[in-house]
Amino acid sequence: MSQEQREDCGLMIKQLNDTLKRQANNRMRTVGVTLVQTTVLMELYRRGSRTASLKELERELHLSQSTIADVIMRMEQKRLLEGFEAPYDRRIKLVRLLPEGENRCREARADQQAAEDRLLAPLSEAEQLQLRDFLRRMLDSLQEG
C-alpha cells in the first residue's frame with residue numbers, strides 16, 4: 001500500500017472522537033447539561049446505589065479534583081444530584097443522583113444510542129462486530145503498554 005493510499009488511523013480516530021464530542025455537546029446543550037455532566041450522570045446511574053464519592057468519580061472518569069468539584073457544584077445547582085458527607089467519615093464527600101438527574105440520564109442514554117446507531121449505520125452487522133473487536137484489541141494493546 002502506498003503512502004498516499006494509507007490513511008492515518010490515529011488521525012481518523014481523533015476526527016471521529018472530535019465530531020462525536022461536538023455533536024453530543026450540541027445535543028446535550030438542548031437539555032441543559034454538558035457532555036462531562038452527562039458522563040457523571042451515567043456513572044452514578046450505573047451504580048445500584050446511584051451514589052459515589054468525588055474521589056471515585058475522579059478515578060473512574062479520569063478527571064482532576066478541581067474539575068470534578070466544579071462539575072459537581074454546577075450539577076447541584078441544577079438539582080441533578082446532591083452532595084453530602086459520608087456518615088463514616090465527614091472528610092469524604094458523596095454525591096447521589098436526584099430524580100431530575102435520573103431523567104436526564106435516561107434521555108442522554110437514548111440520545112447516545114441513537115448517535116451510535118447513526119455512526120454504525122453504514123456497516124453491516126458483521127462489520128460492526130468486527131469493528132468492535134478491532135477497537136477492543138487496539139485499546140487493550142495501548143493499555144497494556
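Predicted model: local features only at pLDDT ≥ 70, side-chain atom pairs only at ≥ 80, totals over all residues.
Local features need pLDDT of at least 70 and side-chain atom pairs count only at pLDDT 80 or more, while totals for chains, interfaces and linings use all residues. Residues are numbered from 1 along each chain as its sequence is written, and side-chain values use heavy atoms, with hydrogens and water left out.

Strands β2 (residues 81-86) and β3 (residues 89-97) run antiparallel and are joined by six bridges. Strands (E, at least two residues) and helices (H or I, at least four) are DSSP runs, numbered from the N terminus. Two strands pair if DSSP finds at least two bridges between them. β2 and β3 form a hairpin, with two residues between them. Within this pairing, F84 stands opposite L94 of β3.

Helix α1 (residues 9-29) packs on helix α5 (residues 99-120) at an angle of about 140 degrees, and their axes are 11 Å apart. Axes are lines fitted to C-alpha atoms, for helices over the stretch in contact, and angles run from 0 to 180 degrees between N-to-C directions. From α1, the contact (heavy atoms within 4.5 Å) uses L16, L20, R27 and M28. A108, D111, A115, R118 and L119 contribute from α5. Six of these contact residues are nonpolar, none is polar and three are charged. Here Ala, Val, Leu, Ile, Met, Phe, Trp, Tyr, Cys and Pro count as nonpolar, Asp, Glu, Lys and Arg as charged, and the others, Gly among them, as polar.

Q128 lies in helix α6 (residues 125-144). Not counting residues up to four places away in sequence, Q128 touches L120 and L123. A polar atom of the Q128 side chain lies 3.3 Å from the backbone oxygen of L120.

Terms used: Polar contact = N/O pair within 3.5 Å; in protein donor to acceptor, adjacent residues only side chain to side chain.
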